[in-house]
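This report goes through a few local features of one protein chain. Please look at the sequence and the structure before reading on.

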Amino acid sequence: MKLTKRSFVIGALGGAALMGLPFETRAQSAGGGGTLVMGSTQVPRHFNGAVQSGIATAMPSTQIFASPLRYDDNWNPQPYLAKSWEVAPDGLSVTLKLVDNALFHDGKPVTSEDVAFSIMTIKANHPFKTMLAAVDSVETPDPHTAVIKLAHPHPALLLAMSPALMPILPKHVYGDGQDVKTHPANLKPVGSGPYKLADYKQGEYYTLEKFDKFFIPGRPKLDKIVVRLISDPNALMVSAERGEVHAVPYVTGVRDIERLQKSPNITMTDKGFAGLGALNWLAFNTKKKPLDDVRVRQAIAYAANRDFIVGKLMGGKALPSTGPIAPGSPFEEKAVETYKLDIAKATKLLDEAGLKPDGNGTRATLTIDYIPGNDEQQRNIAEYLRSALKRIGINLEVRAAPDFPTWAQRVANFDFDLTMDTVFNWGDPVIGVDRTYLTSNIRKGIIWSNTQQYSNPKVDEILGKAAQETSPEKRKALYSEFQKIVVSDVPIYFINAAPYYNAFAKGLSALPTTIWGVASPLDEVYWATPPKT
């Protein structure tokens, strides 16, 4: 079938002073040109999104590298490097027809050889192993045709062609035999996207300049994008309020959101995150007693009180989450057990599990970990749960980690009882959901794999079928069944969708509100009204 633009296959911190950096901070003209200054706490390890996940890399990578497709705000694929695409009737191949005028920043043309090289490089090196697992090979019958051959139908493939997930690398740069994960070009990238890397000072800033030979006429609109890396979140908020930065993406702190919403010169939007699907949750180590008993996990869920966490601790800025697929996804199943607060039911379940209270009323003592650096979504909830679970006789000890690597090492090596965590769906379950629940992805030492050690053969079977099902209706039904089972098994107690917002200076137009937001090309953004300086 031919897919048109309306087709839809469901498918650490660094810092810099705010003054004295070697670049302009103002827009020069209205409607075109000028500079956009962004502020972020996210420091990229490098700029190659083909081998590194996460928003720190995705933000610059999607400006530097183009991808086969891009997506609008309704989950519809749009042409990009591929001007058209066709899925074979049997679902075992996808043919891409490339634009004929795309150039890399060094002037070399983008060809199907680059597409084939990039896809196989991503398959071999990207941490999302399920994303391109079905790809067998990529054929290149001519310089502007790439045929992706699949071992089985892969309904998530088109979404995987998004800018944050499939940057097209120049084979003549990366195909020199060096390890792509440590290739020197990762810090001096050559792409075909709307902007090219002009300057980078580790932990302080990076500067992207307009690529004058970008293949889409009239784009990009801006001359330059400067991203200042500011380690202190409060300093970042102050710089936004003063107009020293024009955009702050991925604002997640409730107080920060409320603060910037009060600024007369800032527009706040919660659009641009549907593809990420960031979920905040409480994870259980299902192999450690007494958490290996589903009744104990269910009891904790009934005592946790999601409504209080979302309504009070988060000030109503976050959407509640009740299952493994994020709110707003076309696959979300709302008809699941929501574990409304019920202390009597929780107590009964613990009695049935044989956890009787001792003379002090304590049934069990457990430890809860959390990701450091995000108090509202992590530490505060862990502290609240400590008091909430006392009501059912569970003594919860909060264990802090000095830094992210320490937390990640503990969780990845199964050295935990319970832990707070935030994990992204990445648009399609095959890409970002399956990894948490498949038995085959219990991989000691790998963070954000199946660190709960959850195993249910029925879930494995359903996810296997859904990963190959090409009917949107049948696929949705499979994921509905999957969600009901997982919610009942409670390897995870789902709490909320992380309340991400983007802050933009008023006067910016064509804001990035697609499903990928600022993790997509900013080639259409322009100054309708230059900022006051």
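How much space lies in the second largest pocket? The model examined here is a predicted one.

## The second largest pocket

The space in the second largest pocket comes to about 400 Å³. Its lining consists of 18 residues, and those nearest the centre of the pocket are Asp270, Phe273, Leu319, Ala497 and Ala498. By class, the lining has 12 nonpolar, 3 polar and 3 charged residues.

## Helix 7 and helix 9

Helix 7 covers residues 294–304 and helix 9 covers residues 343–352; their axes come within 8 Å and cross at roughly 165°. Angles over 145 degrees count as roughly antiparallel, so helix 7 is roughly antiparallel to helix 9. The crossing is left-handed.

On the helix 7 side, the contact is made by Arg295, Val296, Gln298, Ala299, Tyr302 and Ala303. Their partners in helix 9 are Ile343, Lys345, Ala346, Leu349, Leu350 and Glu352. This contact has 8 nonpolar, 1 polar and 3 charged residues.

## Backbone features in loops

Most peptide bonds are trans, and most residues other than glycine have a negative phi. The following places depart from these patterns.

The peptide bond between Arg219 and Pro220 is cis, with omega about -5°. Pro220 sits in the loop between strand 9 (205–210) and strand 10 (224–229). Another cis bond runs from Lys289 to Pro290, where omega is near 0°. Pro290 belongs to the loop between strand 13 (278–284) and helix 7.

Phe414 is not a glycine, yet its phi is positive, at about 65°. Phe414 lies in the loop that separates helix 11 (404–412) from strand 17 (418–424).

Definitions and conventions:
Residues are numbered from 1 along each chain as its sequence is written. This is a predicted model: local features need pLDDT of at least 70, side-chain atom pairs count only at pLDDT 80 or more; totals for chains, interfaces and linings use all residues. Side-chain values use heavy atoms; hydrogens and water are left out. Axes are lines fitted to C-alpha atoms, for helices over the stretch in contact, and angles run from 0 to 180 degrees between N-to-C directions. Helices (H or I, at least four residues) and strands (E, at least two) are DSSP runs, numbered from the N terminus. Angles under 35 degrees count as roughly parallel, over 145 as roughly antiparallel, 65 to 115 as roughly perpendicular and the rest as oblique. A crossing is left-handed if the near helix is turned anticlockwise from the far one by less than a right angle, and right-handed if clockwise. Contact means heavy atoms within 4.5 Å. Ala, Val, Leu, Ile, Met, Phe, Trp, Tyr, Cys and Pro count as nonpolar, Asp, Glu, Lys and Arg as charged, and the others, Gly among them, as polar. On a 1 Å grid over the protein atoms alone, a cavity is a set of points where a 1.4 Å probe fits but cannot get out, and a pocket is an open set with protein on both sides within 12 Å along at least five of seven lines; lining residues have an atom within 4 Å of a point. Grid points are joined across faces, edges and corners, and a volume is the space filled by probe spheres set on the points.
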